[in-house]
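I opened this structure for the first time today. These are my notes on what I looked up.

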Amino acid sequence: MATQKTKKGKAAPDTSNELLENPEAIADRLGRGETFLKENTKLVGGIIGLAILVIAGIVGFQIHKANQNKQGQAEMFQAVYYFEQDSVDFALNGDGVEPGFLSIIDEYGGTDAANLAHFYAGSIYLSKGEFQSAVDHLKKFSSSDFLVQAHAYALTGDAYLELGELDEAISFYKDAAAYKSNEFFTPKYLTKLAIAYEEAGDLKNAIATYEEIETKYSDAYEYSEARKQKARLEGLASN
């Protein structure tokens, strides 16, 4: 067996491979493990029991949320119908029988149903001219769908623009334009961004934004208007 030096320089046996070389050492280690388990049965049992409770709690919570979301989606059907029919008060507050979006948010918080209800509620408040309420709800909405999420950013920008908070409006319009940009909707969001820049007195960035539409989206509906507005602002900037 190999040896190693002690602090006083004396050779000491190397026990690093003892378990591999000595079956009695293995048996001794196993024996000590069994003794520990016997002496600490309650402690070990408590740890295992706690782990089971935690796992069961997580699974139970996920099942509960899934059931809540399913129920919330079903109860939101009538509110969505009212929204599509422009009956926004019924959509928002319910009709006395079926719940509205605000009830869905209160009852099913944290679910996909409540998340979507925030988008609808924010859109309704924006149409009613209640811009701060629109912001409050739209900022709580999130989606992986690039069309809906970009639209939500733009609506939030609209609400901030109406509130006169131009920096916030610009920030959200930039988010809308940058979020998975495409030739169909991005030019629209860039137009909103350019208008917000002009409102803020930032003609340089307004011109640059119109130029982006002109350069990247020549087939877009907004192209001709972007060229016109760019020329107008260049004239103002040169004075």
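**Entry 1: the whole chain**

I began with the secondary structure and found 13 helices and two strands in the protein chain. Helices (H or I, at least four residues) and strands (E, at least two) are DSSP runs, numbered from the N terminus. The model is predicted, so local features need pLDDT of at least 70 and side-chain atom pairs count only at pLDDT 80 or more, while totals for chains, interfaces and linings use all residues. Residues are numbered from 1 along each chain as its sequence is written, and side-chain values use heavy atoms, with hydrogens and water left out.

I then looked up burial: 32% of the 239 residues in the protein chain are buried. Buried means under 20% relative accessible area, exposed over 50%, and partly exposed in between (1.4 Å probe, protein chains only). The accessible surface of the protein chain is about 15,100 Å², and carbon and sulfur atoms hold 54% of that. These areas come from the Shrake-Rupley method with a 1.4 Å probe; for residues, only the protein chains shown count as cover.

Of the contacts in the protein chain between residues at least 6 apart in sequence, 43% join residues at least 24 apart. Contact means heavy atoms within 4.5 Å.

**Entry 2: H9 against H10**

I noted that two packed helices are described by the angle between their axes and the distance between the axes. Helix H9 (residues 146-163) packs with H10 at about 165 degrees, and their axes are 8 Å apart. H9 is therefore roughly antiparallel to H10. Axes are lines fitted to C-alpha atoms, for helices over the stretch in contact, and angles run from 0 to 180 degrees between N-to-C directions. Angles under 35 degrees count as roughly parallel, over 145 as roughly antiparallel, 65 to 115 as roughly perpendicular and the rest as oblique.

On the H9 side, the contact includes Tyr 153, Ala 154 and Leu 161; on the H10 side, it includes Leu 166, Phe 172 and Tyr 173. By class, I have 10 nonpolar, two polar and three charged residues in the contact of H9 with H10. Ala, Val, Leu, Ile, Met, Phe, Trp, Tyr, Cys and Pro count as nonpolar, Asp, Glu, Lys and Arg as charged, and the others, Gly among them, as polar.

**Entry 3: H10 against H11**

Next I followed H10 (residues 166-178) to H11, where the axes come within 9 Å and cross at roughly 160 degrees. H10 is therefore roughly antiparallel to H11. Among the residues making the contact are Leu 166, Ile 170 and Tyr 173 of H10, and Tyr 189, Leu 193 and Tyr 197 of H11. The contact of H10 with H11 has 10 nonpolar, one polar and three charged residues.

Is Thr 191 buried or exposed? Thr 191 counts as buried because its relative accessibility is 19%. I placed Thr 191 in helix H11 (residues 186-199). Beyond its neighbours within four places in sequence, Thr 191 is in contact with Tyr 210, Ile 213 and Glu 222.

Glu 214 sits in helix H12 (residues 203-216). Leaving out residues up to four places away in sequence, Glu 214 touches Tyr 223, Arg 227 and Lys 230. The C-alpha atoms of Glu 214 and Arg 227 are 6.4 Å apart, with the two residues 13 apart along the chain.

Last, I checked Leu 126 in helix H7 (residues 112-127). At 15% relative accessibility, Leu 126 counts as buried. Residues up to four places away aside, Leu 126 touches Phe 131, Ala 134, Leu 155, Asp 158 and Ala 159.
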